[in-house]
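Please keep the sequence and the structure in view while reading.

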Amino acid sequence: MSQGKLFVISGASGVGKGTVLGRVMKVREDLRFSVSATTRAPRPGEEDGVHYYFISMERFREMVDNDEFLEYDLHANAGYGTPLKQLEEKLRHGSVVLDIEPVGAGNVKKKMPDATLIFIMPPSMEELERRLRGRGDTSEEQIALRMERARWEMEQRHWYDHTVVNDDLDRCVEEVLQIIAEKVDEK
Ligand code: 5GP
């Protein structure tokens, strides 16, 4: 059926996953990004159909009922899901990367065992908290919630295929590229 390989990247909010992914995709132009659907509001700079498909909760429920998601999860007061059709179409043309959290990653692995799961770790929890604060746009309550979620996410890393520490951006990007190359370029 599909020809490309599937990669799942997870990592706590503030870990720099977006930056890592951006750099990785600049180098590997053959890699496509799976655009998730979400019910949360767009942040400044986010474009519909590029970063996410921004949909209503009603449409989200409809997609769940119609089995239109490969996986979905409700967290941070919003629904998030991977639209199946779009993913299958992208996989026909090449390898695809999903940026999803551990519940979704586990469900993807069950349905597509060949998927490669990569967990991006912060150098330490103290550093993660420092980075979250550094953004300056997050309330104390939000920081506490995100740190709690991050601690839970960190416990899930053991069943990922790879964990990569983002203490040095260049090295972290290199490691992720290596993992992808091993899988995509293998004969
Ligand atoms: P954010 O709202 O900050 O963009 O994303 C919050 C969390 O939702 C991140 O951990 C991100 O990886 C995760 N996420 C984004 N899209 C999906 C999806 O389609 N499914 C699941 N399960 N998680 C997602």
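A polar contact is a pair of N or O atoms within 3.5 Å; within protein, one must be able to donate a hydrogen and the other to accept it, and residues adjacent in sequence count only if both atoms are side-chain atoms. The model is predicted: local features need pLDDT of at least 70, side-chain atom pairs count only at pLDDT 80 or more, and totals for chains, interfaces and linings use all residues. Residues are numbered from 1 along each chain as its sequence is written, and side-chain values use heavy atoms, without hydrogens and water.

In the side chain of Arg-40, an N or O atom lies 2.7 Å from an oxygen atom of the ligand; for Arg-43, the distance from such a side-chain atom to a ligand oxygen is 3.0 Å. Glu-71 places a polar side-chain atom 2.8 Å from a ligand nitrogen. On its own the ligand has 510 Å² of accessible area (Shrake-Rupley method, 1.4 Å probe), of which the protein covers 87%.

Around the ligand stand 15 residues (a heavy atom within 4 Å), and Ser-36, Arg-40, Tyr-52, Tyr-80 and Glu-101 come nearest. Strands S5 (69-75) and S6 (78-83) each supply at least two residues of this shell, strands being DSSP runs (E, at least two residues) numbered from the N terminus.

Elsewhere, five strands form an open sheet in the order S2-S7-S1-S8-S9, with parallel pairing; two strands pair if DSSP finds at least two bridges between them. Strands S2 (32-33) and S9 (162-165) are at the edges with a single partner strand each, so one side of each lacks a neighbour in the sheet. S8 (residues 116-121) runs parallel to S9 and is joined to it by four bridges; Met-121 stands opposite Val-165 in S9.
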